[in-house]
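Dear colleague,

Please find below the structure that I am handing over to you, with its sequence. My findings follow directly after it.

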Amino acid sequence: MAAIERALDRQDAPDAIELRDILDKSMQMVPLDADEIVALMRVDDPVEHERILAVADEVKQRVYGDRMVLSAPLHLSNHCGSECLYCANRRGNGQIERKYMTSPEMREAALRLIRQGHKRIFLVSGQLPNADVEYLAEAISILYTVFDGVGEIHSVNVNVGPLESAQYETLLDAYVGTVLIYQDTYHEASYRAAHVSGPKRDYVRRLEAPDTAFAAGVPDVGMGLLLGLGPWRFDLLALIQHAAHLERVYGMGCRTVSLHRMRPAPGSLMEAPYPVSDADYLRCVALARLALPYAGLILTTREPSGLWRDGCNAGGSQLLTGSVANPYDGWFTASGQQVPFPCGEDCHVDEVVRFLLEEARHLPSFCAACPRLGRRGEEFISMVRECGIKGQCGPNSAASFMEFLLHYATPYTRMMGERLLKEKLDRMPIHERGAADRLLKKVRAGCMDEFI
């Protein structure tokens with residue numbers, strides 16, 4: 001951590017030559033180091049700031065192409081053994097109802113998500129003193145068996161606290177996708193101030209959880225920040241260092257990075273100690289892309305629509321959409337007032353797709369080719385580093401989007417989607433266009449889950 005503090009000592013902005021050299025390095029797909037990231041943090045000229053965002057978008061385009069992968073959260077339970085002051089799930093919050101999702105409710109929730117068009121799910125639950133891994137494994141298995149006659153779930157990722165090696169193996173047996181272990185903040189004083197008791201209180205154990213997961217054979221680990229809980233510049237540099245450590249030791253950094261800001265929640269006892277402005281949020285997204293060019297950067301529609309649109313244009317490659325699949329129907333406060341559960345996650349995916357089409361102009365993707373092919377860990381990251389995944393992402397994303405338009409989209413969204421899809425196809429390289437046309441022909445003929 002001392003190295004991070006030393007790097008942050010720099011206060012001056014880079015001159016024109018230094019800025020050019022740093023951005024040129026990024027365009028060569030070379031990850032930036034801490035000193036270079038700090039130099040970009042100090043840029044205050046609006047024009048140069050826009051250059052940084054544009055380069056981050058170009059790096060993302062070279063790796064993944066012009067697509068945004070859509071996933072949905074599924075909240076299994078809000079029971080929790082930790083007292084995290086900012087969280088509505090905190091153990092001492094008496095203002096909300098508590099619930100475990102039953103197996104039939106899991107199936108119904110999965111159907112509701114599939115009927116929106118989703119194929120990729122993020123499981124979320126509270127953190128209990130003895131993690132109920134069998135419950136999570138059961139949920140994963142159930143989601144993989146649900147079929148609505150057209151679509152099904154092909155990737156189930158799990159947001160979970162630190163586990164023992166054998167517990168990670170239980171999740172692997174259920175064919176978990178990415179295991180998401182969010183440090184939230186690496187700033188130890190801020191971490192301890194927010195996590196006052198329970199299993200999440202253990203800062204070091206959480207910090208070491210990705211090592212434990214990789215050592216247990218987990219091929220894909222996701223990391224994340226709760227921006228605003230600690231100083232965002234410190235947290236971003238620490239996350240970059242953490243990913244570099246995992247790369248050195250295991251040959252694998254983080255598969256994904258989630259960048260979410262703190263938000264108010266019923267019964268929480270803490271507002272963001274270090275509020276992150278919209279401009280700094282976009283800067284954080286862009287710098288994460290330049291430091292970790294091959295990671296999937298996950299944004300969320302809990303941010304204002306214009307902000308996540310801009311985040312998609314600053315290096316974001318995945319979007320966690322709203323979920324209407326929970327069985328809670330809302331939180332009830334002590335006064336009897338009903339509020340959405342989860343807070344701010346009640347939008348329909350068709351709304352998100354429409355906004356992507358009209359405002360962000362990115363190709364929405366429901367592609368699950370990599371999970372279907374068993375492409376994980378080192379095999380996946382090697383393809384990404386060689387920029388070999390992009391040639392498949394374009395055609396596969398087009399096919400998965402057409403499936404959505406034919407089976408799940410509203411008429412207006414379908415009309416807009418077909419129009420944008422034609423524009424994207426016209427800009428594809430010849431070999432990608434040929435593959436996309438072949439896949440689209442099969443989808444229009446009634447085939448599902450077509451990919452190369």
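The second largest cavity in this predicted model holds about 430 Å³ of space. It is lined by 34 residues, and those closest to its centre are R120, R255, C370, P371 and F380. In total, the structure has four cavities of 30 Å³ or more.

Several elements contribute two or more residues to the lining of the second largest cavity: the strands β1 (67-77), β3 (120-125), β4 (155-159) and β9 (296-300), together with the helices α14 (369-373) and α16. Of these, α16 gives the most, with four residues.

Helix α16 also deserves attention for its packing against other helices. Two packed helices are described by the angle between their axes and the distance between the axes. Both values are given below for two partners of α16.

Helix α16 spans residues 390-407 and helix α18 spans residues 430-444; their axes come within 9 Å and cross at roughly 25 degrees. An angle under 35 degrees counts as roughly parallel, and α16 and α18 are therefore roughly parallel to each other. The crossing of α16 with α18 is right-handed. On the side of α16, the contact is formed by K390, G391, G394, P395, N396, A398, A399, M402, E403 and L406, while α18 supplies E432, A435, A436, L439, L440, V443 and R444. Ten of the residues in this contact are nonpolar, three are polar and four are charged.

The other partner is α17, which covers residues 411-426; its axis lies 9 Å from that of α16, at an angle of about 160 degrees. Since angles over 145 degrees count as roughly antiparallel, α16 and α17 are roughly antiparallel to each other. Here the crossing is left-handed. Helix α16 takes part through A398, F401, M402, F404, L405 and L406, and α17 through T413, R414, G417, E418 and L421. The residues of the contact between α16 and α17 divide into seven nonpolar, two polar and two charged.

Read together, the two contact lists show that A398, M402 and L406 of α16 touch both α18 and α17.

With kind regards

Methods. Residues numbered from 1 in each chain as written. Predicted model: local features only at pLDDT ≥ 70, side-chain atom pairs only at ≥ 80, totals over all residues. Heavy atoms only, no water. Axes fitted to C-alpha atoms, helices over the stretch in contact; angles between N-to-C directions. Parallel < 35°, antiparallel > 145°, perpendicular 65-115°, else oblique. Left-handed = near helix turned anticlockwise from the far one by under 90°. Contact = heavy atoms within 4.5 Å. Nonpolar A, V, L, I, M, F, W, Y, C, P; charged D, E, K, R; others polar. 1 Å grid on protein atoms, 1.4 Å probe; cavity = no way out; pocket = protein on both sides within 12 Å on 5 of 7 lines; lining within 4 Å. Points joined across faces, edges and corners; volume = space filled by probe spheres on them.
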